[in-house]
Amino acid sequence: MSHVEAWENLKRAAKSGLAFADIERLVEEWVRTLQPELRRLGIGSFTLGVTRVEDIPKRFREDPEFREAFLSFLRAIP
């Protein structure tokens, strides 16, 4: 699966109200598929707000405020 497909799956899941554990798994999958593409482009990392992309799964799992903000961000994207 490509990082684009993983991102689309994640957006759909956030809008559908899928269970937290399922969305958490999709967040991890998106980050896992995105990291090789970032390396291919010569980008070691990037941040979403103040969170490095590789830290998103952990923050999503442990920080309710971050989780809600990230889900709101996903739901707002057409």
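**Close-up 1. Phe-60, a buried ring in an aromatic pair.** With a relative accessibility of 1%, Phe-60 counts as buried (under 20% relative accessible area, 1.4 Å probe, protein chains only). This is a predicted model, where local features need pLDDT of at least 70, side-chain atom pairs count only at pLDDT 80 or more, and totals for chains, interfaces and linings use all residues. Residues are numbered from 1 along each chain as its sequence is written, and side-chain values use heavy atoms, leaving out hydrogens and water. The structure holds 7 aromatic pairs (ring centres within 6.5 Å, taking the six-membered ring of Trp). In one of them, the ring centres of Phe-60 and Phe-70 are 6.1 Å apart with planes at 80 degrees, so the pair is edge-to-face (planes over 60 degrees apart). Phe-70 is buried too, at 2%.

Close-up 2. Ile-56 is buried, at 0% relative accessibility. Leaving aside residues up to four places away in sequence, Ile-56 touches Val-27, Trp-30, Val-31, Leu-48, Thr-51, Phe-66 and Phe-70 (heavy atoms within 4.5 Å). The C-alpha atoms of Ile-56 and Val-27 are 7.6 Å apart, although 29 residues separate the two in sequence.

**Close-up 3. Helix α1 against helix α2.** The axes of α1 (residues 3-16) and α2 (residues 20-40) come within 8 Å and cross at roughly 160 degrees (lines fitted to C-alpha atoms over the stretch in contact, angles from 0 to 180 degrees between N-to-C directions). That makes the two helices roughly antiparallel (angles over 145 degrees). Among the contact residues are Trp-7 and Leu-10 of α1 and Leu-26 and Trp-30 of α2.

Note on methods:
Helix = DSSP H or I, 4+ residues; strand = E, 2+ residues; numbered from the N terminus. Parallel < 35°, antiparallel > 145°, perpendicular 65-115°, else oblique. Buried < 20%, exposed > 50% of the residue type's maximum accessible area, 1.4 Å probe, protein only. Phe/Tyr/Trp six-rings, centres within 6.5 Å; stacked < 30°, edge-to-face > 60°.
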